[in-house]
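Thanks for coming, everyone. Please bring the model up on your screens and keep it in view while I talk.

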Amino acid sequence: MTDESRIADISLGSDSIRLGQLLKFAGLLDSGGDGKEAVIDGLVTVNGQIERRRGRQLHDGDVVEYDGRRVRVRP
């Protein structure tokens, strides 16, 4: 059993990334299509709030959660 309170830091190498891209880049979802569906269905949160915009820009410190897994954006 995993500790769902853990947050994995994801280093981007840039200042920002779109939510849909991050979901795939971080390995939370396998494809952009899966990410689109998860976001539309309200299954993804950013900083604790449901986010339905796949194109939302994420920046350093933003925390994304999907299916009990949490990642934090780092430059």
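Start at the hairpin: strand 6 and strand 7 form it, with 2 residues between them. Strand 6 covers 63–66 and strand 7 covers 69–74. Asp 67 sits in the turn and has a positive phi of about 55 degrees, although Asp 67 is not a glycine. At 63% relative accessibility, Asp 67 counts as exposed. The cut-offs: buried is under 20% relative accessible area, exposed is over 50%, partly exposed is in between, with a 1.4 Å probe and protein chains only.

A word on the source. This is a predicted model, where local features need pLDDT of at least 70 and side-chain atom pairs count only at pLDDT 80 or more, while totals for chains, interfaces and linings use all residues. Residues are numbered from 1 along each chain as its sequence is written, and side-chain values use heavy atoms, with hydrogens and water left out.

Back to the strands. Strand 6 and strand 7 run antiparallel, joined by 4 bridges. Two strands count as paired if DSSP finds at least two bridges between them. Within this pair, Val 64 stands opposite Val 71. On to strand 1, which pairs with strand 7 in the parallel sense over 5 bridges. There, Ile 7 stands opposite Arg 70.

What is the strand order? The open sheet has 5 strands in the order 1-7-6-3-4, with mixed pairing. Its edges are strand 1 (7–11) and strand 4 (49–50), each pairing on one side only.

Strand 3 and strand 4 pair in the antiparallel sense over 2 bridges. Val 46 has Gln 49 of strand 4 as its bridge partner. In the loop between these strands is Asn 47. Asn 47 is not a glycine, yet has a positive phi of about 55 degrees. Is Asn 47 exposed or partly exposed? Partly exposed, with a relative accessible area of 40%.

Stay on strand 3, residues 44–46, and look at Thr 45. Thr 45 counts as buried because its relative accessibility is 19%. Beyond residues up to four places away in sequence, Thr 45 touches Ile 50, Glu 51, Val 63, Val 64 and Glu 65. Contact means heavy atoms within 4.5 Å.

Now the core. As a general point, nonpolar side chains in soluble globular proteins tend to be buried together. Here the largest nonpolar core has 18 residues. Such a core is a set of buried Ala, Val, Leu, Ile, Met, Phe, Trp, Tyr and Cys residues joined through side-chain atoms within 4.5 Å. Leu 19, Leu 22, Leu 23, Val 44, Leu 58 and Val 64 touch the most other members. Two or more residues each come from helix 1 (19–25), helix 2 (32–40), strand 3, strand 6 and strand 7. Helix 1 gives the largest share, 3 residues. Val 44 has contacts that include Leu 19, Leu 23, Ala 38, Ile 50 and Val 64.

That brings us to helix 2. Which residues of helix 2 are buried? Gly 35, Ala 38 and Val 39. Seen down the helix axis, they fall within an arc of 95 degrees, so they line one face of helix 2. The arc is that of the directions from the helix axis to the C-beta atoms. Their cover includes helix 1, strand 3 and strand 6.

Take Ala 38: its relative accessible area is 4%, so Ala 38 is buried. Among its contacts are Leu 29 and Tyr 66. After helix 2 comes Gly 42, with a positive phi near 75 degrees.

Last, the chain as a whole. There are 2 helices and 7 strands, running β-β-α-α-β-β-β-β-β from the N terminus. The C-alpha trace spans about 30 × 25 × 20 Å along its principal axes. Of the 75 residues, 33% count as buried. And 48% of contacts between residues at least 6 apart in sequence join residues at least 24 apart. Over to you for discussion.
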